[in-house]
Amino acid sequence: MSTSTIHDIGYRHYDGPRLGRGYLVRSLYVHNVRAVWGLGRPARAKVMPFLLAAVMVAPAFMDVGAVLLTDRAEVLMRYSAYAIYLQVVVSIFVASQAPVLASRELRFHVVPLYFSRPIAPLPFVLAKFAAMVTALLTLTAVPVIVLYIGGLIAKVPHPLTHLREFLLALVGCALFALVIAALGMAVAVLTPRRGFGVAAVIAVFLLSSAVVLLVQNIAEFRTNFSLAGNAGFFAPFNLVDIVQVRLLGAERTAEAVPDGLLSGVLALLLCAALVAGGVTVLYRRFRKAGLS
C-alpha cells in the first residue's frame, strides 16, 4: 500500500498568459548581455568591461580631436584597421567576460535547472553566443562610428567614399564579433574555473598573434612572402583582416596578406568553420552538463 501524501504548502498557481519559448530565449539573451557588462551585478563586475570599453574608444576620440585641431583629414585612422590595432584590448575583454557566460552555470552545477524548463540546449547556447557577439560588436563598432562622425564634422574629402568604407568596416566589425566570440567562448567553456578560462582565452588570442607575427617577420626576412601571407590564416584577427582586404576592399593593415580573391574566400570559409565549431563545442558542453 502506498504511503505517499500530497501536501498543499500554499504556493500560488499561475493563471496568466504563457509567453512561450521565444520569450524565454529573448529573456536569456537580455540577461546575458547585461551579465557581460556587469549590469545587475556588484560594482566590481562593472569595472573591467566598462574600463576596457573606455580604453577601446579613447583613441578614436583622440584621433578625431587631432583631425579637428590640425585640419588634416588624412590623419584619421582607417575604419577597418581599428580592431586590428586594438586587438589586445579586444582579447582581454573576451578573456575577462567569456567565462562569465560560458562557465558560471557549469561551476555552480545549475545547467540541469535551466533544461528542466521548456528550453532546449541549442537555443540556450545561441542566446549566450548572441549576447557575446552583441557585446563585441558594440565594443568594436562604437569607436568606428565615432571616427566616422568625427570625419563628417571635419568635412573629410570624398564623403561618399568614406561612407562606403564606414559601412564595410561595420561588416568587418560584425565578422570580428562572430569569430572572436565563438573562439573565446569555446575555450572558456572547457573549464568551470574562471581563472583558468581567462588565462586560456588570452593565451589563444595573444600567443597565436605573436607566433604568426614572428613567423611572418622571419619569412619576410628570407623573402618568402607566400609563407608570410599564408601565416595569417592561423591567427583569428589576421584571418578576419584577410577577408576585409580581399573581399571587402579594405587597405592592408599588415604587409603580409595572401594574394588573390581565392585567399579571401578561403579565409571567409575558415571564419564560418570557426563560428560553427565554437557553437558546436558550446552546445556539446552544455548538453552534457544538462544530462549530468
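Phe205, Ser208, Ser209, Val212 and Gln216 in α9 meet Pro236, Phe237 and Asn238 in α11, where contact means heavy atoms within 4.5 Å. Helices here are DSSP runs (H or I, at least four residues), numbered from the N terminus. A quick heads-up: this is a predicted model, with local features needing pLDDT of at least 70 and side-chain atom pairs counting only at pLDDT 80 or more, while totals for chains, interfaces and linings use all residues. Residues are numbered from 1 along each chain as its sequence is written, and side-chain values use heavy atoms, with hydrogens and water left out.

**Exercise 1.** Work out how α9 and α11 are oriented and what their contact is made of.

*Solution.* 
- Step 1: take the axes, which are lines fitted to C-alpha atoms over the stretch in contact, with angles from 0 to 180 degrees between N-to-C directions.
- Step 2: α9 (residues 194-221) and α11 (residues 236-246) pack at about 65 degrees, their axes 8 Å apart.
- Step 3: that makes α9 roughly perpendicular to α11 (under 35 degrees is roughly parallel, over 145 roughly antiparallel, 65 to 115 roughly perpendicular, the rest oblique).
- Step 4: sort the contact residues, and you get four nonpolar, four polar and no charged. Ala, Val, Leu, Ile, Met, Phe, Trp, Tyr, Cys and Pro count as nonpolar, Asp, Glu, Lys and Arg as charged, and the others, Gly among them, as polar.

**Exercise 2.** Do likewise for α4 and α8.

*Solution.* 
- Step 1: the axes of α4 (residues 87-102) and α8 come within 8 Å and cross at roughly 55 degrees.
- Step 2: the two helices are therefore oblique to each other.
- Step 3: from α4 come Val90, Val94, Ala98, Pro99, Leu101 and Ala102; from α8, Ile180, Gly184, Met185 and Ala188.
- Step 4: by class, that's nine nonpolar, one polar and no charged.

**Exercise 3.** Find what valine 94 touches beyond four places in sequence.

*Solution.* 
- Step 1: skip residues up to four places away, and the partners are Pro99, Leu136, Ile180, Gly184, Val201 and Phe205.
- Step 2: Val94 is also among the residues with the most contacts inside the largest nonpolar core, which has 80 residues.

Key
A nonpolar core is a set of buried Ala, Val, Leu, Ile, Met, Phe, Trp, Tyr and Cys residues joined through side-chain atoms within 4.5 Å. Buried means under 20% relative accessible area, exposed over 50%, partly exposed in between (1.4 Å probe, protein chains only).
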